[in-house]
Amino acid sequence: MSVSADPQSRKALVDLAQKFTGREITPFLTTWETDGMLPRDLHRRAADVGLLGIGIDPKLGGSGGDFADVVAMTEAMIGAGASGGVISALFTHGIALPHVIDEYHRRVDAADVDGADYLLAQTIEPVLRGEMILSLGVTEPDGGSDVSRLRTRAERVNESWTVSGAKTYITSGVRADRVVAAVRTPETGEGAAGITLMMLDPASPGYATPRALAKMGWWCSDTAELAFNEVPVAPRDVLGLGLGFASLANHFVSERLSLAVTAYATAQRCLDLTEAWAKNRETFGRPLISRQIVRHTLVDMYRRTDVARVYTHAITDRYINGEQLIAEAALAKQTAVEAAEFVANAAVQLHGGMGYMRESEVERHYRDVRVLGIGGGATEVMTDLVARLRGY
Amino acid sequence: MKIAVCVKQVPDTWAEKKLRDDDSTLDREAADGVMNELDEYAVEEALRLAEANGGEVVVVTMGPERAAETVRKALSMGADAGVHLVDDSLHGSDALATSYALAEVLAARNFDLVIFGSESTDARMSVVPAMVAERLGLPQVTFAQKVDVDGSKVAIQRQTEYGYDDVEAELPAVVSVVEKINEPRYPSFKGIMAAKKKPVETLTVADAGLDAAKLGATAAWTKVASFAARPPKAAGTVVTDEGDGGAKIATYLTEQKFV
């Protein structure tokens, strides 16, 4: 049940997300960008006020609410000055934890009480308390968007497994306490059928984090390259043998919609900052906003932002009501990414020299939006997917 | 321990405030309503005292229908129940009428401690806590920057210009708090969800057994005869520096009696 369906509760949620951002995030964001990561304490603080577990069943340690509440929270946080990098790093578990929860439910259904309890007590609850950082490891150095061909392999050793291979571009991978890694298990089949998700512990022998990757944007979000050399994995850390690809595909829609929200919310923030700037900034003796070209650019920014938001909201509502919307989610992501790229670029342009300076917030958003058309399904992959679904 | 916190919905602190043309009262529709900022500190202090000493926190407000939002906010911060006095005949009540209505509502419910924010951002009179205490015949310990409850006593540090006074009173008592006292929590997501299900008692003037003749604009002891918008800022004085800028500024400041 959506908490934000009730206007007063929605207002309270927005207020909470804005206050949390203003108090706990924006004063420190520049420092965190220099550090290249968020402090662990921020996860605990976000958990304390329930932001970390929105959309997750309270019985599993979540906060309740649904995806519409996640959307409202994300919009409010970015609207108050959080960056795409903050969202990606603070809510990394949003793409990793659903796979653990899926396996938890499978074990409950299979009456594997110990196995289910293990996942709940050792992973799900600590992650939602902000005490454990959980990453998702899919992409490989020579793989990119092609999940079905990944090469990291798990070998059976008696009842257990050892995993060897490498992962890259792993969000929160430097700080991760556990990584849900997609690995090849040949015994379950070829291609997509041969993919299994396994939970790896960075403290295990053979696990290395050779590099924290330096990036164009998302500076406060650590990104790692991971190397596995016969990393042992116990059976209880296997999240459904051979079910990896299905599990990943299952959550593509929510991941793409989340990225769409980050995109149009960033566009809205850039628009708000630029509007205020255009009203206050005087050039050649007149406020910037008195120039027709500036006003029309603002309209263009507004139009793209609002179209992306309204479309994404419409798709999100239908998704929450249980519709399968693979093409629509891909289009929402594309539309919102295009809006964010245009609006962030125009925001820097209208800020003039100041827009190019580190001290201006739009500079950060300009850096941060660029990845949105690459990660979580590249624009070209999204387009081709829609072409196939539409029969073009 | 049963603690009441009196809260008020006020126009958003940052919004431009307007008076109504018809009766010269505050136009509450013209801006978003928020919980008076100092009342958040009062709610926080009540919750801390209840957490430390055990007990129940009841939030009490008087105001139009949408003041229910402010009750809800206090509930989402953690208060247990709400009382909302809402009636058209309350419109235009002055501090005397407000204190009368609140005192009656509070007296009927036997609280050990009543906590107020020390002033509201719209009226800024700071008199209601004292008036309520007087009407209830209770000790008032106001402008607290620290509150401790020990058995049947409440001890506060009363903020003064130069430091603070230690003041004690027997319970039941009325306390008002200043913003130095704590940092209000934000309502957690779970608190927001729980707030919808908490009990809120909505009372009319008749329900509360109040005398309508003592309430509202007609009963007010003061009346706004007329009002005008603040004049726009004047252009100011431009001092051109021709080597004597410092002296000119000093002359200006002297003329204006700033130095």
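Predicted model: local features only at pLDDT ≥ 70, side-chain atom pairs only at ≥ 80, totals over all residues.
**View 1. Where chain A meets chain B.** Counting residues in contact, chain A brings 22 and chain B brings 16.

View 2. Four salt bridges run between chain A and chain B. One to zoom in on joins the side chains of Lys11(A) and Glu69(B), at 3.3 Å from N to O. Helix α1 of chain A (residues 7–25) supplies the largest share of the side that touches chain B, namely 11 residues. Sorted by class, that side of chain A holds seven nonpolar, seven polar and eight charged residues. There are also eight residue pairs in polar contact between the two chains, with both partners at pLDDT 80 or more.

View 3. The space inside the largest cavity comes to about 50 Å³. Its lining includes His43(A), Leu52(A), His93(A), Val127(A) and Met132(A). Also on the list are Ala89(A), Leu90(A) and Thr92(A), along with Gly130(A), Ile133(A) and Leu134(A). So what sort of residues line the largest cavity? By class, seven are nonpolar, four are polar and none is charged.

**View 4. A salt bridge along helix α6 of chain A.** Arg106(A) pairs up with Glu103(A), and their closest N and O atoms sit 2.9 Å apart. Both residues belong to helix α6 of chain A (residues 93–109), where they are three residues apart, or about one turn of the helix. Over all chains, the salt bridge count is 45.

View 5. As a rule, most residues other than glycine have a negative phi, and most peptide bonds are trans. Tyr169(A) has a positive phi, near 55°, though it isn't a glycine. Look for Tyr169(A) in strand β3 of chain A, which covers residues 160–171. Over in chain B, the peptide bond from Leu171(B) to Pro172(B) is cis, with omega near -5°. Pro172(B) sits in the loop that links β9 (164–170) and β10 (173–177) of chain B.

Methods. Residues numbered from 1 in each chain as written. Chains lettered and ligands numbered in written order. Heavy atoms only, no water. Contact = heavy atoms within 4.5 Å. Polar contact = N/O pair within 3.5 Å; in protein donor to acceptor, adjacent residues only side chain to side chain. Helix = DSSP H or I, 4+ residues; strand = E, 2+ residues; numbered from the N terminus. Nonpolar A, V, L, I, M, F, W, Y, C, P; charged D, E, K, R; others polar. 1 Å grid on protein atoms, 1.4 Å probe; cavity = no way out; pocket = protein on both sides within 12 Å on 5 of 7 lines; lining within 4 Å. Points joined across faces, edges and corners; volume = space filled by probe spheres on them.
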